[in-house]
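Dear colleague,

Please find below the structure that I am handing over to you. My notes on what was found in it follow directly after.

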Amino acid sequence: MFLSSTSELERRQQVERIIKYKLNPFEVLQLTVETATGEELNMAYRKLSLVVHPDKCKHARAEEAFEICKRSLAELQDEDKKGFYVDVMVSAKEEALRELKKKRKREKEDTAKNKKMRVADVDKLRGSILGSTLRRPGKEKKEDTKEEFGKAPADTEEELSQEDQDDLVKSTRDAAFRILLQLEKRRARAEKVFVENDKRAQVAKKAMKEKFLHEEKQDQDWDKDRLDRIDSWRDFQAHGKKLGIKKPKPSVTEKGVSV
């Protein structure tokens with residue numbers, strides 16, 4: 001029933017969403033840390049993979065999205081990899097919660113500031129109409145302040161409203177996206193450095209091998225030349241004197257003097 005009611009637009013949207021959040025398997029399979037277990041995990045994968053399957057979806061990157069779904073399932077089934085992503089999500093939620101508290105604190109401060117400004121404007125207006133003799137008693141104000149100070153401090157951990165909870169979910173998703181993207185960039189840079197170092201090592205190894213082969217060939221050539229000269233000298237000793245051939249002069253090379 002679900003597949004028959006899934007429109008092509010919904011399939012395309014899922015493909016684009018999966019590719020956008022491909023670094024986060026929880027977000028790909030639309031699961032939370034708490035729900036990504038056992039049957040829930042398998043069910044989420046089956047449902048989503050059928051939506052973006054290349055045979056069902058006409059999107060040009062449907063096959064890529066389908067492979068991302070398979071990889072996300074494998075990563076969340078692996079306890080070590082899942083633990084890594086759980087740590088990322090916990091860090092992302094903590095970051096999002098801090099930002100949410102800062103936002104709410106700023107809003108309260110702005111509200112209090114605006115309220116104070118409105119009270120000051122009312123006092124100013126009252127003074128201009130009734131005269132400067134009519135003022136708010138400073139003593140009462142001081143007593144009120146003292147009474148407020150004497151009250152027990154309110155609990156700083158306020159329960160989140162539905163709006164705050166929705167905001168927290170979105171902020172956590174965005175924070176996890178930033179964290180994983182930064183980690184992926186670091187990984188890519190490290191891999192690039194490794195590949196470049198390996199390439200330089202291969203070039204150096206090749207150059208060393210070529211140098212060794214060149215020197216080895218030089219040694220072989222020199223040995224061959226020396227043996228040829230020795231054979232020539234022996235031939236001269238045996239037959240040259242009788243034929244009146246002059247004795248060959250020794251030649252000087254890098255290896256020394258040869259005959």
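Is the crossing of helix 2 and helix 4 left-handed or right-handed? The crossing is left-handed, a term used when the near helix is turned anticlockwise from the far one by less than a right angle, clockwise being right-handed. Helices (H or I, at least four residues) and strands (E, at least two) are DSSP runs, numbered from the N terminus.

This is a predicted model, in which local features need pLDDT of at least 70 and side-chain atom pairs count only at pLDDT 80 or more, while totals for chains, interfaces and linings use all residues. Residues are numbered from 1 along each chain as its sequence is written, and side-chain values use heavy atoms, with hydrogens and water left out.

Overall composition

The protein chain contains eight helices and two strands, in the sequence pattern α-α-α-α-α-α-α-α-β-β. Of its 259 residues, 20% are buried (under 20% relative accessible area, with exposed over 50% and partly exposed in between, using a 1.4 Å probe and protein chains only).

Helix 2 with helix 4

Helix 2 (residues 8-20) packs against helix 4 at an angle of about 115°, the axes being 9 Å apart. Axes are lines fitted to C-alpha atoms, for helices over the stretch in contact, and angles run from 0 to 180 degrees between N-to-C directions. The two helices are therefore roughly perpendicular (65 to 115 degrees; under 35 is roughly parallel, over 145 roughly antiparallel, and the rest oblique). In contact (heavy atoms within 4.5 Å) are Arg 11, Gln 14, Val 15, Arg 17 and Ile 18 of helix 2 with Leu 48, Leu 50, Val 51 and Val 52 of helix 4. These residues comprise six nonpolar, one polar and two charged.

Helix 2 with helix 5

The axes of helix 2 and helix 5 come within 9 Å and cross at roughly 55°, so the pair is oblique. This crossing is also left-handed. Val 15, Ile 18 and Ile 19 of helix 2 meet Ala 62, Glu 64, Ala 65, Ile 68 and Cys 69 of helix 5.

Helix 5 (residues 62-77) has 16 residues. Its buried residues include Ala 62, Ala 65, Ile 68 and Cys 69.

A residue in a loop

Gln 30 lies in the loop between helix 3 (25-28) and helix 4 (38-52). Although not a glycine, Gln 30 has a positive phi of about 55°. At 48% relative accessibility, Gln 30 counts as partly exposed.

With kind regards

Terms used: Expected span 1.5 Å × (residues − 1). Nonpolar A, V, L, I, M, F, W, Y, C, P; charged D, E, K, R; others polar.
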